[in-house]
Structures are given as structure tokens and as C-alpha cells.
Amino acid sequence: MSIKSYKTQILLVYIFLMFINSVIPIFSTRSLWRYADIFHFVEFFILGLLFINAIIDTNLNINKFLFGIFILTLIPMIDEGLQYFFDIPGRVPDFNDFIIDLFGEYCGAICFVIYNKIKRSNG
């Protein structure tokens, strides 16, 4: 993964925007909270897609994939940690959010790997 790669730059901007979104206070109605799990899943699904896309230079091997999974595990920990350590109105750290975040990004990463394998096998 090269910092000069546009894929890496898009990934870094996306992560930066995720962390900014995580520390912005929320003053909304309760009606949006019922969709919070879906928002978390989709946000981190996209992160999983972007991350695996950025670490694939020529081909994906198991070491790159495991490194990606390790880094992907750290990002929701940092995200929920920001909410834990800073008193942000409307934001509460939640273990369930962490689990949904992990599930979303792992699904995104695996979907991208499957898509990439199908694309390569079909030429």
C-alpha cells in the first residue's frame, strides 16, 4: 500500500471523515436511532471494501489479508474509544456498535476478495 496511490488516499480521507463524524455531537430525534445499526454496518462495509482495495497491489496473499483484518479491527476500537474518552453530546460508546462495525467491515473485505477472485478468473 503506497501513500501515493489514489486508492490509499481515498481510504485515508474516508477514515478521517469517519473519525470526524464520530466526534460531532448529535442533536436529532429518536426516530433516526432505530436505523443506527444499519448506518454503522454500511459505513464500515464501505471501509472494508476500500481497505482491501487499497492493500491489493498486484495480488492478495494471506499475509496482506490478515494484516488488513488486524488494522480493520483497530479502526472501530478507535472510533468507539473516541466516544468513550470524550464527552460528546448524543454519542455513547457501545459494544454492540463495535460488533456491528466489525461485522460490516469484515463483510465488505470478504465481498471485495470474492469479487476480485471472480473478476480475475473471468479475465
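Tutor: Begin with helix length: the expected span of a helix is 1.5 Å times one less than its number of residues. Helices are DSSP runs of H or I with at least four residues, strands are E runs of at least two, and both are numbered from the N terminus. This is a predicted model, where local features need pLDDT of at least 70, side-chain atom pairs count only at pLDDT 80 or more, and totals for chains, interfaces and linings use all residues. Residues are numbered from 1 along each chain as its sequence is written, and side-chain values use heavy atoms, leaving out hydrogens and water.

Student: What makes the span of H1 close to the expected one?

Tutor: H1, residues 6-23, has 18 residues. From first C-alpha to last it reaches 26 Å, and 26 Å is expected.

Student: How do you know that the span of H2 agrees?

Tutor: The 20 residues of H2 should span 28 Å, and its end C-alpha atoms are 29 Å apart, so the values agree.

Student: Which elements does the chain have?

Tutor: There are 4 helices and 0 strands. The order from the N terminus is α-α-α-α.

Student: Why is aspartate 79 called buried?

Tutor: Buried means under 20% relative accessible area, exposed over 50%, and partly exposed in between (1.4 Å probe, protein chains only). Aspartate 79 has 4% relative accessibility, so it counts as buried. This residue is in helix H3. Of the chain's 123 residues, 33% count as buried.

Student: What does aspartate 79 touch?

Tutor: Contact means heavy atoms within 4.5 Å. Not counting residues up to four places away in sequence, aspartate 79 touches Met18, Phe19, Ser22, Phe44 and Asp101.

Student: What puts the buried residues of H1 on the same side?

Tutor: The buried residues are Thr8, Leu11, Tyr14, Ile15, Met18 and Ser22. They cover an arc of only 125° around the axis, so they fall on the same side of H1. The arc is that of the directions from the helix axis to the C-beta atoms. An α-helix has 3.6 residues a turn, so residues three or four places apart point the same way. On the other side of H1, Tyr6, Phe16 and Leu17 are exposed. The buried residues of H1 pack against H2 and H3.

Student: How do H2 and H3 cross?

Tutor: The axes of H2 (residues 36-55) and H3 (residues 62-85) come within 10 Å and cross at roughly 145°. Axes are lines fitted to C-alpha atoms, for helices over the stretch in contact, with angles from 0 to 180 degrees between N-to-C directions.

Student: What do the buried residues of H2 pack against?

Tutor: They pack against H1, H3 and helix H4 (95-121).
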